[in-house]
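Here is my note on the structure, written for someone meeting it for the first time. Please read the points with the model open.

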Amino acid sequence: MAGTLRRLLAGALLSMSPVCLFAQTVPRPPALSTFCARCIRADIEFLASDEMQGRGSGTRDEHLAALFAASLFADFGLKPGGDQGGYLQKAPLPAAIQHERSGQQLRVATWNAVGILPGSDPVMGNDAILLTAHLDHLGIGPPKNGDAIYNGADDDASGVAAVLELARSLSIGAPPKRTVIFALFGSEEIGGYGNQYFLAHPPVPLNRIAANLEFEMIGRPDPAVPHGDLWLTGYNRTDLGPQLARHGAHLVADPHPRERFFQRSDNYDLAKAGVIAQTISSFGLHADYHQPSDEIGRLDFDHLDSAVQSLIVPVEWLANTTWKPSWNPGGKP
C-alpha cells in the first residue's frame, strides 16, 4: 500500500508539470507489446482496498480515486480534458442526494477524471473514440458477515483498470490518427451524475465521438460465454461489436438480454444523445454483486488479462481506421 500511495503522490506532482505532455512524441513500440498485467492488478489493489472504503459516490474516497486516475493520465503523457485545464471535472450533486447520503460523508460534488490522447491526423483527429468506466461504488453500508466495506473490485475497479491499461498502452504506441478520450465517471451508482456532467461539458462535440466503449464488471468470467470472452450490450444494435471481434477482440453478444444491461450503465445516456455507445462486460450475475464480498480475491486475473489484452489491437485499429460504426435499423434508442 505504501508503494501505491507513493505512486499516487508522485503522479499528482507530475501532473503539475507540462513536461510529461511531450512524452508521446518519442518513437515507441506497438501498443500490444506494452501490455502490463501487473499494472492492472496494482490499480485494482489500490482502488478496491479497504483503505478506499468502497469509493462511495460523491465521497472523499471517490475523489481520491479520481485523483489517482488523473495522476496516471498525467504520467502517461495524456492531455488534460477536465475543468480549467486540469484532468478532473467537478460535477454538482442535487441537494436531495446530498441529504439522503451525508451518513457516508457525502460531499456536494462528484468527480470525473478525463485524459486525452490527441489524434495525429489533421482531419481524422477531429473525431474521437471514448473509453469509459465508473470510479464509484457503494462505500460503507450495512454489514454482511462483519464486513461493512463494499469494495467494488469487479464493480467497477476492474473496468477502471481496463481503461487505465488501454490509456497506458495506447499512449506508449505511435499516436493514433483519431483522438482517444479516456473518461472515468463518478456517481454512476446513484444516478450517473458524473456521466451527465460529461455530456453537458464534453471535451469535444458529441457529434465528433465516433464510438464509446464502457467497461463494466469484467473481472470475472461469465459461465454463459467461453472463458476469457467479454460480451457487448446491444450487440445487434450497431455494427461495432462484430467489427471489433473481426479484429481480435474477445467479444460476443450479451447472453442476458432480459437484464437490459444496455440501459443500465453510463453508455445509455450517451447512446440517447446519438453516440454509438455500448458496454463491455462479463458479469455472470454472481452473488457478490453490490455486496461487501466483491473483493479482489474473487477476481479471475487470467480471464481479466486475456480479455483486456484482446482489446488493445482492435481499439488501436478503431482509432486509426477511416471506418465509422453506425446504428443498425431499429437499434438506436
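**Notes on the predicted model**

1. Start with the largest nonpolar core, which has 81 residues; F73, F182, L184 and F215 touch the most other members. A nonpolar core here is a set of buried Ala, Val, Leu, Ile, Met, Phe, Trp, Tyr and Cys residues joined through side-chain atoms within 4.5 Å. Buried means under 20% relative accessible area, exposed means over 50%, and partly exposed lies in between (1.4 Å probe, protein chains only). Helix α5 gives this core its largest share, ten residues.

2. A word on the basis. This is a predicted model, in which local features need pLDDT of at least 70 and side-chain atom pairs count only at pLDDT 80 or more, while totals for chains, interfaces and linings use all residues. Residues are numbered from 1 along each chain as its sequence is written, and side-chain values use heavy atoms, with hydrogens and water left out.

3. Look at L184 next. Which residues is L184 in contact with, leaving aside its neighbours within four places in sequence? The list is A69, F73, W111, N112, A113, A133, L135, V160, V163 and L164. Contact means heavy atoms within 4.5 Å. Another core, of five residues, lies apart from the largest one; M217, V225, W231 and F283 are among its members.

4. I44 sits in helix α2 (residues 37–47). Helices (H or I, at least four residues) and strands (E, at least two) are DSSP runs, numbered from the N terminus. Is I44 buried or exposed? I44 counts as buried because its relative accessibility is 0%. I44 and I296 are 252 residues apart along the chain, yet 7.4 Å separates their C-alpha atoms. Leaving aside neighbours within four places in sequence, I44 is in contact with S49, A153, A157, S158, A161, I296, L299, F301 and L304.

5. Helix α6 (residues 193–200) deserves a look. Its buried residues include G194, N195, Y197, F198 and L199.

6. Now the charged pairs. Side chains of opposite charge can pair when their charged atoms come close. The whole structure holds eight salt bridges. A salt bridge is a side-chain nitrogen of Lys or Arg within 4 Å of a carboxyl oxygen of Asp or Glu.

7. R168 and E165 form one of them, at 2.8 Å from N to O. Both R168 and E165 are buried. They are three residues apart in helix α5 (residues 153–172), so about one helical turn separates them.

8. R264 pairs with E259, with 3.2 Å between the closest N and O atoms. R264 is partly exposed because its relative accessibility is 39%. E259 is also partly exposed, at 31%.

9. K272 and D269 form a salt bridge too, with their closest N and O atoms 3.4 Å apart. Both lie in helix α8 (residues 267–272), three residues apart, about one turn of the helix. D269 is partly exposed, at 23% relative accessible area. Elsewhere, salt bridges that share partners join D127, R208 and K324 into one network.

10. Last, the disulfide. A search of the whole structure finds one, between C36 and C39, with S to S at 2.1 Å. A disulfide is a pair of cysteine sulfur atoms within 2.5 Å. Both C36 and C39 are buried. The torsion about their S-S bond is about 75°, so the disulfide is right-handed.
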